[in-house]
Amino acid sequence: MSDNNMLYGSPILCGDNTIPGVKYSEELEEMIPKIIKAGLDWGLDPYPPIIELMPYDEISEIAAYGGFPVRYPHWSFGMEYEELSRGYEHSMHKIYEMVINSNPSLLYCLDSNPLLDHVTVIIHALGHSDFFKNNAWFAPTTENAVNELANHGTRIRRYIDRWGLEPVQQFIDWVKSIDDMIDPSEAWKKRNIQSANIKDTRVYSHPRRLKLPETDGHTHDYMDDFINNTAWKKREERRIASLELREELNLFPGPEKDVLGFLVKNAPLQPWQQDIISMLYRESQYFAPQRVTKMLNEGWASYTDFNVMARQHWTNGSGIHDYAKHKMGVLGGKYSMNPYAVGFKLFLWIEEKWNKGRFGLDYERCPDMETKKNWDTKVGLGHQKVFEVRAIHNDVTAIHEFIDQEFVDKFELYMWGKYPQPDGSVEYRIDSRDAKVIKKSLMQRYANGGQPDIRLVDPNYANKNIFLLQHQWEGRTLHPKYSQATLPNIWNIWNNGGKASKRVIALATRNKNEEEIV
């Protein structure tokens, strides 16, 4: 092992008679620093990794906790563990590896993986760690999540000791059912400690002024009357008057996307409930970027292991067949638009286009399809571009920016439909080859992390104590089973389990005929 254990994997967590986990084999221990160096040389910039081997039951337990060794006690974690462990026992699925967005980064590998799979999943997980560290959507997430979530678990256990298991777990049930009804952008805002002192103060709003142009550091003051003219000043006066009137009448500015955040600040809760909902809200903000970058994150990790294992020939000749079998299992699913496969192909496509100069006005405006087909200016910007994409995009922005008809045709990313046959079999047929249709379908699938966008219109609609929620319709109906089960949970939080004034929870949406229903 290297002298820098934090860089090349710490041997402290290898496992023995006192430490959970499984000890490295000599071959793997020799390979780990080399494969990590290959990833760094290729351009990765991950958090320092700590690599631990685990048997299937232990890695299933870690996975059930969302990848963390310690969480608060809740029945849902046990249910998730049973599903994962039994799924492995019955050969329904297999967790090759897990990686945690933290500093240092925790990499868990299944101990039964063969050596080639171990090396592959380590470099794959290192790609995930690089994405966590460098992607803009993860910028506000804490690097000390392991300790923070463990502290949450300790505090919640104290509340269980004080108030009992059932009341605390019931309250957690209510909050967890809406933990995806948040606005991830709230994580960028500075958190202030609110004072309990009641003050009779007024906040004054001032007109905004448009910035004057500058030349060589000199401001053109003479243009002020033209830019900040009378029409602009009157519009600002109307804006300020409207703002002050809204505050005076205590009108809700909605619609509010951060429904859980609103409940954190405004629900009439007991102190222990307020603390728990604040902790779970903080955790939901931490996990939110993983939902909106699922395709791109997995695509980047797959693209990383492909570059190191296949292009750098880390498979040592005959091992390429085993690597290809492993890769086929990850990227398979021709009819499902597998997010691993879509993300992987997207990075291959971006690399090829920017290596050959297939971008810019000259390429876009070229009328000859044969010329565009053979276009290659050999600019070689592919490597630089893929690292730029992994740094600034999420799933929706990447789909909107890079998926076009050329991409759809090259990778046969068509929309398939299931058609039952008279003999009981199912036949798959292409429903659409149109990139616009396919792009719209993908954007609907990945918008808001794949969850319906439900916003708070007004917590006191029509001044009748109606907590009105509005489903932002995009063509898909809500699942009645889940929506009808979730509304009572919001009611319980907003009414403090029925102890506060009786407030009504209403949800406006549309049915399959696009008729509005409440």
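Reply: Here is that part, followed by other places in the chain.

This is a predicted model. The chain has 21 helices and 11 strands. Of its 518 residues, 42% count as buried. Among contacts with a separation of 6 or more, 70% join residues 24 or more positions apart.

Start with helix H3, residues 56-64. Its buried residues are Ile59, Ser60, Ile62, Ala63 and Ala64. They pack against two kinds of element. The strands are E1 (49-54), E2 (97-99) and E3 (105-110). The helix is H4 (75-89). Just after H3 comes Gly66, with a positive phi of about 75 degrees.

Now the loop between E2 and E3. Pro104 is found there. The peptide bond from Asn103 to Pro104 is cis, and its omega is near 5 degrees. Val146 sits in H6, which covers residues 145-163. Leaving out residues up to four places away in sequence, Val146 touches Phe68, Pro69, Ile100, Ser102 and Leu106.

The cysteines come next. Cys109 is buried, at 1% relative accessible area. Cys366 is buried as well, at 14%. How many disulfides does the model hold? The count is zero. A pair of cysteine sulfur atoms would have to lie within 2.5 Å to be counted.

Helix H5 spans residues 115-134. Its 20 residues reach 29 Å from first C-alpha to last, close to the 28 Å expected. Of those 20 residues, 17 are buried, and H5 is mostly covered.

His393 lies in the loop between helix H17 (382-392) and helix H18 (395-402). Its relative accessibility is 11%, so His393 counts as buried. Setting aside neighbours within four places in sequence, its contacts are Asn135, Trp137, Thr293, Leu296, Ala398, Glu401 and Phe402.

The axes of H12 (residues 294-311) and H13 (residues 319-331) come within 12 Å and cross at roughly 170 degrees. That angle makes H12 roughly antiparallel to H13. From H12, the contact uses Ser302, Asp305, Phe306, Met309 and Ala310. From H13, it uses Ile320, Tyr323, Lys327, Val330 and Leu331. By type, the contact residues of H12 and H13 are seven nonpolar, one polar and two charged.

Two loop residues close the tour. Glu412 has a phi near 50 degrees, a positive value in a residue other than glycine. Glu412 lies between helix H19 (405-411) and strand E6 (415-420). At 44% relative accessibility, Glu412 counts as partly exposed. Asn448 is not a glycine either, and has a positive phi of about 60 degrees. Its loop runs between helix H20 (435-446) and strand E8 (454-461). Asn448 is partly exposed, at 26% relative accessibility.

Key:
Residues numbered from 1 in each chain as written. Predicted model: local features only at pLDDT ≥ 70, side-chain atom pairs only at ≥ 80, totals over all residues. Heavy atoms only, no water. Helix = DSSP H or I, 4+ residues; strand = E, 2+ residues; numbered from the N terminus. Expected span 1.5 Å × (residues − 1). Buried < 20%, exposed > 50% of the residue type's maximum accessible area, 1.4 Å probe, protein only. Axes fitted to C-alpha atoms, helices over the stretch in contact; angles between N-to-C directions. Parallel < 35°, antiparallel > 145°, perpendicular 65-115°, else oblique. Contact = heavy atoms within 4.5 Å. Nonpolar A, V, L, I, M, F, W, Y, C, P; charged D, E, K, R; others polar.
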